[in-house]
Amino acid sequence: MEKILVTRSSMPELEEYVEEIKELFESRWLTNMGVKHNQLEEKLSQYLKVRNILLFSNGHMALELLIQAMGLTGEVITTPFTFASTTHAIVRNGLTPVFCDVNPEDYTIDPEKIEELITEKTSAILPVHVYGHICNVEAIEAIAKKHNLKVIYDAAHAFGEEYRGQGVATFGNASMFSFHATKVFNSIEGGAVCFNNSENGLREKLFGIKNFGIWDEELIKDVGANAKMNEFQAAMGLCNLRHIDRELEKRKAVAEHYNRRLSGIKGLRISKEQDGVKGNYAYYPVIFEPEEFGKSRDDIYELLKVNEIYARKYFYPLTNTFDCYRGMFAMGDTPVALDLSKKVLTLPLYADLRADQVDRICDIILGK
Ligand SMILES: *Cc1c(COP(=O)(O)O)cnc(C)c1O
């Protein structure tokens with residue numbers, strides 16, 4: 001039986017990567033904002049249609065240090081329907097996450113439930129473009145303006161997406177991307193912070209904080225960390241970026257094949273295309289309603305597993321049910337997110353997944 005994992009990293013041909021890293025063996029400049037790093041920043045800023053970009057060792061550190069650089073305080077309103085990183089980044093900055101429920105259509109933060117959670121301690125909203133579904137950016141911006149809050153997007157799933165022709169990272173005060181091996185675009189590990197306007201010297205501040213807070217040899221202005229992207233990561237990013245459009249086309253074809261097989265099935269819900277959004281087909285989440293479908297999410301997960309197909313329960317458990325947070329803060333009432341977390345399964349999706357493999361997965365799910 002052929003084993004199918006939930007994802008498979010995109011890579012260039014070996015020769016292309018070797019060519020890209022050759023000059024590093026002469027320059028011996030391996031990290032600390034080298035040539036490859038700077039080239040990748042420039043190319044990504046164009047591709048993502050955003051004015052400012054800073055690269056990081058990974059997406060988590062990008063988010064954690066962005067929160068530090070923005071000087072957030074007190075409480076941050078966020079979603080529990082996300083990867084551990086989003087909530088951890090808030091808590092590791094000494095801030096309190098306040099959990100807002102998601103909407104049942106696209107699983108992003110429900111703007112109608114944000115305002116009731118705002119207190120005098122709230123400093124920011126941290127939504128997630130989960131599965132690449134773009135949040136209701138207009139409604140979130142209106143709330144942020146009215147209450148004078150910052151907005152940081154976790155855009156780890158939204159690489160290359162556009163909303164009404166604008167790069168997804170141009171919304172809010174800043175956005176974080178992840179370039180982890182499992183993501184749509186990878187630099188092995190890696191991440192970025194993007195924003196159009198560098199308010200209050202955000203760019204300089206982040207540039208310092210990702211390098212120990214060192215501004216120059218004798219001026220250390222911030223309690224920084226080490227989160228620099230190295231040259232070998234950047235070289236992988238440069239190679240992968242050359243092929244990204246083709247990769248996205250292939251992902252789209254896989255997603256469309258799933259759509260053909262899984263739409264209109266009773267008790268099985270797939271994602272709808274969002275108006276005005278250029279998507280990236282990052283994930284293929286399916287919601288199983290056990291009463292109507294006859295099988296639960298966990299049944300399907302096990303059934304696929306015995307057939308050597310490894311789907312993932314993204315995002316289960318919710319971050320506001322994590323053991324490490326027990327008794328630490330009010331966990332909030334997020335019934336929609338809780339229900340989704342018990343019913344969702346993300347199916348294997350990557351550029352090289354073949355049509356016959358998608359058929360095999362769907363046949364198992366549909367009991368054919
Ligand atoms: C992958 C991911 C992150 C963390 O990114 P890394 O590059 O793995 O550190 C953060 N948030 C979400 C939603 C993610 O999927």
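Predicted model: local features only at pLDDT ≥ 70, side-chain atom pairs only at ≥ 80, totals over all residues.
The protein is divided into domain 1, made of residues 14-101 together with 108-242, and domain 2, which covers residues 244-366. Taken over C-alpha atoms, the centres of domain 1 and domain 2 are separated by 25 Å, and the contact takes 35 residues from domain 1 and 36 residues from domain 2. The size of an interface is often given as the accessible area lost when the parts come together. Here the area buried between domain 1 and domain 2 is about 2900 Å², and carbon and sulfur atoms give 61% of that area. Of the area that domain 1 buries against domain 2, F81, Y131 and V184 supply 24%, which is more than any other three residues.

Polar features also cross this boundary. Between domain 1 and domain 2 the rule finds 16 residue pairs in polar contact, with both residues at pLDDT 80 or more, while it finds 1 salt bridge across the interface. On the side of domain 1 that touches domain 2, the elements giving two or more residues are α5 (84-91), β3 (96-99), β6 (162-163) and α8 (231-242). Among these, α5 provides the largest share, with 4 residues. Sorted by class, that side of domain 1 has 18 nonpolar, 10 polar and 7 charged residues.

**Salt bridges**

The structure holds 28 salt bridges, and two of them are set out below with the distance between nitrogen and oxygen.

| Salt bridge | N to O distance |
|---|---|
| R242 and E16 | 2.7 Å |
| K278 and E162 | 3.7 Å |

Side chains of opposite charge can pair when their charged atoms come close. In the pair of R242 and E16, the closest N and O atoms are 2.7 Å apart. Because R242 lies in helix α8 and E16 in helix α1 (residues 14-21), this pair ties together parts that are 226 residues apart in sequence.

**Aromatic pairs**

The structure holds 19 aromatic pairs. In one of them, the rings of F81 and F315 have their centres 5.9 Å apart and their planes at 85°, so the pair is edge-to-face. This pair links distant parts of the chain, since F81 sits in the loop between β2 (75-78) and α5, whereas F315 sits in the loop between α11 (297-306) and α12 (335-343), 234 residues away. F81 is also one of the three residues, with Y131 and V184, that supply 24% of the area domain 1 buries against domain 2.

**Backbone features**

Most residues other than glycine have a negative phi, and most peptide bonds are trans. Against that background, a cis peptide bond joins Y314 and F315, with omega at about 5°, and another cis peptide bond joins Y316 and P317, with omega at about -5°. F315 lies in the loop between α11 and α12, and P317 likewise has its place in the loop between α11 and α12. R28, a residue other than glycine, has a positive phi near 60°, and R28 is placed in the loop between α2 (24-27) and α3 (35-47).

Technical notes:
Residues numbered from 1 in each chain as written. Heavy atoms only, no water. Domains from an automatic or database assignment. Contact = heavy atoms within 4.5 Å. Buried area = accessible area lost by both parts, 1.4 Å probe. Salt bridge = Lys/Arg side-chain N within 4 Å of Asp/Glu carboxyl O. Polar contact = N/O pair within 3.5 Å; in protein donor to acceptor, adjacent residues only side chain to side chain. Nonpolar A, V, L, I, M, F, W, Y, C, P; charged D, E, K, R; others polar. Phe/Tyr/Trp six-rings, centres within 6.5 Å; stacked < 30°, edge-to-face > 60°.
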